[in-house]
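Hi,

Here is the model I promised to send over. Have a look at it first, and then read my notes below.

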Amino acid sequence: MAASVLGLAGAAAIVVPSLSAGASTAELVVDYACTGGIAQSGSGTVHLRTKVTVPTVVNVGEPLNVGWELNYRDVTRFGAPARLPQGGKIEVTGNIQLAGAWVGVLRPMGSVDQPDAMVKGSPLDLPEGISDFAHIDRAGTLKVTPRKLFVDFRPPASEVMVNDDDPEILYSDGWEDLNDQNSQNNDHHLDLHRTTSAGKWAQFTFTGTGVEYVAQKDQRAGPVDILIDGQPGSPPRIDPSKNDDGSTVNDANKGGQTLWRFRGLPYGEHKIEIRSVEDGKWTQLDAFRVITRELVNPPKDYRAECTLVSAPVSVNVTISDPATEQPSPGGSSSGDPSSTSNPSGEPSSSPSGSVMSPPPGGSTPTPTPSKSPGGSSSPTPSQSKLTSVVVIGSPTPTITTTITLPASTPTSPQVKVTPKGGAQTGEAPETPRSPAALLIGSGGAMVFGGVFSGVVLLRRRAAHANDRSRTV
């Protein structure tokens, strides 16, 4: 059978493949507009085209699986929120409302790692799909409605070196950019910045949970003040010309040294600033190392919220219980559970069976049990399965309905016969009728007996008269 397609205005459509009991699905094509978080750091508003796949017939004991395919609808993209190494992760969470037989929420989830290092605004890849399932423990009708999507970004745990010549590091005047340094100095990228004037500064805004200041240890260096987010660091001042015990170092141009570190910042954007203190002393900057610890949850500031562009759409799911369905004797099936075949080949009405018809609005009908002539309800041997797709909103497309009717059990009416003369009727019992031959024989015997009795009586009277005459 060809698939049926129901169009929705603007941004949503329903695709309903040919339906068969136990394997039917409906596909809802729904568009979203996403704002905030990584949508803001990307294109501002990001447009998605999604396809939600929902089974329309499920048996009790089987999971109700809901799948959600994700794609960008146009050239808009989510963007990286900061400069980060490869391994950042996009996580998408859906919201599926369940109503009818029971009320609840499914939260399909999926994620994908970003394969490349990122700068702020770099386009981010989407997961191909997300999914979730519900356990089905009883029969009924369930309405499934997709709602909002939420798109999060989880930065990777990392340590990133930011070289002194990075354009995001800002310098006051009075700094020298020294390149092509001796490789034995072990400077990062063989270069550094240096000033010999007091009160000069360098600033760097980073995103992470910690930062380190990297430069040379040297006898010619002077004290350096360090601030984090405008406040004195801990410690607030370091001296690259001194050892930890306060003694002067014997080193010259010993590069690649971590002179100061601070960790334990809340994840987010922070600013580090270094300031020279003494004239005639070296204040140098080789690099900043940005630290990001592994995060338990994605940062809330990165979350993008996606809302439906079109009116909501829903799918009705029929939950059947195979344990209550009984096959027909002999294995025969009939296209109509309310009729059986008589010997003449014409269908005749049967008092048993259930009637199911789709009411207006596409809601799932309720089987109506028939009654036997004795007045008691007779259970339906099997339930007809109705699958319908309902679109909520305007305009409303045509409802596509497929009814799969299992074999019905032909039955004959059972009539209760009460014989006359029973205590419950008040009528006299009927006398059984004798055959005609028996009646004729009985009549003849009676006539013959009467004649014989008359002859005997006459003979007795004659004998009695003779006796009297003799006596006289």
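A word on terms before the notes: two strands pair if DSSP finds at least two bridges between them, and strands (E, at least two residues) and helices (H or I, at least four) are DSSP runs numbered from the N terminus. This is a predicted model, in which local features need pLDDT of at least 70 and side-chain atom pairs count only at pLDDT 80 or more, while totals for chains, interfaces and linings use all residues. Residues are numbered from 1 along each chain as its sequence is written, and side-chain values use heavy atoms, with hydrogens and water left out.

I'll begin with β16, since I used the pairing rule there. Buried here means under 20% relative accessible area, exposed means over 50%, and partly exposed is in between (1.4 Å probe, protein chains only). β16 pairs in the antiparallel sense with β19 (residues 254-276) over 15 bridges; there, F206 has H270 in β19 as its bridge partner. Strand β21 (residues 287-292) is another antiparallel partner of β16, over five bridges, with G210 standing opposite I291. Then there is β13 (residues 169-171), antiparallel to β16 over three bridges, where Y171 has A202 as its bridge partner.

Now the overall picture. The protein chain has 472 residues, of which 39% are buried, and its secondary structure comes to one helix and 29 strands. With contact taken as heavy atoms within 4.5 Å, 73% of the contacts between residues at least 6 apart in sequence join residues at least 24 apart. The accessible surface of the chain is about 25600 Å², with 52% of it belonging to carbon and sulfur atoms; those areas come from the Shrake-Rupley method with a 1.4 Å probe, and for residues only the protein chains shown count as cover.

How far does the confidence go? Average pLDDT (the predictor's confidence in each residue, from 0 to 100) is 76 for the protein chain, and 64% of the residues score at least 70. Over residues 330-429 pLDDT stays under 50, and the model has 162 contacts beyond four places in sequence for that stretch. Residues 434-439 also stay under 50, with one contact beyond four places in sequence.

On to the cores. A nonpolar core is a set of buried Ala, Val, Leu, Ile, Met, Phe, Trp, Tyr and Cys residues joined through side-chain atoms within 4.5 Å. The largest one has 47 residues, and those with the most contacts inside it are I38, L48, F78, L149 and V317. Elements giving two or more residues to this core include β3 (25-35), β4 (45-55), β11 (140-154) and β22 (304-308). Apart from it lies another core, of 21 residues, with W175, F206, A215 and L285 among them. Leaving aside neighbours within four places in sequence, L48 is in contact with residues including Y32, C34, F78, L149 and C306.

Two of those contacts of L48 are cysteines, C34 and C306. A disulfide, taken as a pair of cysteine sulfur atoms within 2.5 Å, joins C34 to C306, with S to S at 2.0 Å. C34 sits in strand β3 and C306 in strand β22, 272 residues apart, so the pair links distant parts of the chain. The S-S torsion is about 110 degrees, so the disulfide is right-handed. Both C34 and C306 are buried, and the count by this rule comes to one disulfide.

Some local details to check:

- P108 is in the loop between β8 (104-106) and β9 (109-113), and is buried at a relative accessible area of 0%. Its C-alpha is 6.9 Å from that of N95, 13 residues apart in sequence, and the contacts of P108 include W68, V92, I130 and D132.
- A cis peptide bond joins S234 and P235, with omega at about 0 degrees; P235 is found in β18 (residues 231-238).
- N186, in the loop between β14 (176-178) and β15 (192-195), has a positive phi of about 65 degrees although it is not a glycine.
- D229 also has a positive phi, near 50 degrees. D229 lies in the loop between β17 (224-228) and β18, and counts as partly exposed at 39% relative accessibility.

Cheers
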